[in-house]
Amino acid sequence: PNRVQQDMIDREKKRNICLKYRQGGYTTDKIIRRLYLPAITEPGTGCLLVSQSHYYAAQHFAILKRTHRYFGAANPYNMTGDENDITHQFHEHLLHTIASNRRELVFDQLDSRILVDSAENEEAGQGLTIHHFVATELARWPGNPEETLANIKESMPDDGTIDEESTANGFGGLFYEECMRSRDKQNTLA
């Protein structure tokens, strides 16, 4: 992790809100640490990332697929080499995935899944139990972001993690209000 990411890691709790700068690696960090790693270390886990649009959801899913493809690789530039045997073994067995018609990794041996959806879909996450949730670019969610976010949060158990992050998008709106609420000590959760 870079210096900013390390500071974020050091202060992380179950519920986090992050006003970020562009190209700081926040979303990639969240995809790896808050979604991918829990999915492979906590069997039966449901993880969800919601992006502001279908275009960005596809970009974020590509990051997730790349994370999975190179997990444990000693030499990602030569995946056929013997030095990556452990990675191949992981993917053939414990980290085996099955096909899905959505932007989703389904780990059939672990009974875990990671879904990447768009806030353009106001029913994102519906019908799933979500243990770990990342809302990326929340300030730019279209439609009624309050309802979309509430719908997702209702599908989460009490011990689930929520990470909301976005670049600034002016005064007002859901993300701005969430940031202001997070500054109030009485609203701070562990």
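## The second largest pocket

On a 1 Å grid over the protein atoms alone, a pocket is an open set of points where a 1.4 Å probe fits, with protein on both sides within 12 Å along at least five of seven lines; its lining residues have an atom within 4 Å of a point. This is a predicted model, in which local features need pLDDT of at least 70 and side-chain atom pairs count only at pLDDT 80 or more, while totals for chains, interfaces and linings use all residues. Residues are numbered from 1 along each chain as its sequence is written, and side-chain values use heavy atoms, with hydrogens and water left out.

The second largest pocket is lined by 18 residues, and Lys20, Gln23, Thr27, His60 and Glu137 lie nearest its centre. Helix α3 (54-69) is among the elements that supply at least two residues of this lining; with four residues, α3 gives the most. Helices here are DSSP runs (H or I, at least four residues) and strands are runs of E (at least two), numbered from the N terminus.

## The largest pocket

The lining of the largest pocket comprises 39 residues, of which Asn16, Ile17, Cys18, Glu178 and Ser182 lie nearest the centre. Among the elements that each supply at least two lining residues are β1 (15-19), β7 (161-166) and α6 (174-183). The greatest contribution, nine residues, comes from α6.

## Contact between α1 and α2

Val4, Gln5, Met8 and Ile9 in α1 are in contact (heavy atoms within 4.5 Å) with Tyr26, Asp29, Lys30 and Arg33 in α2.
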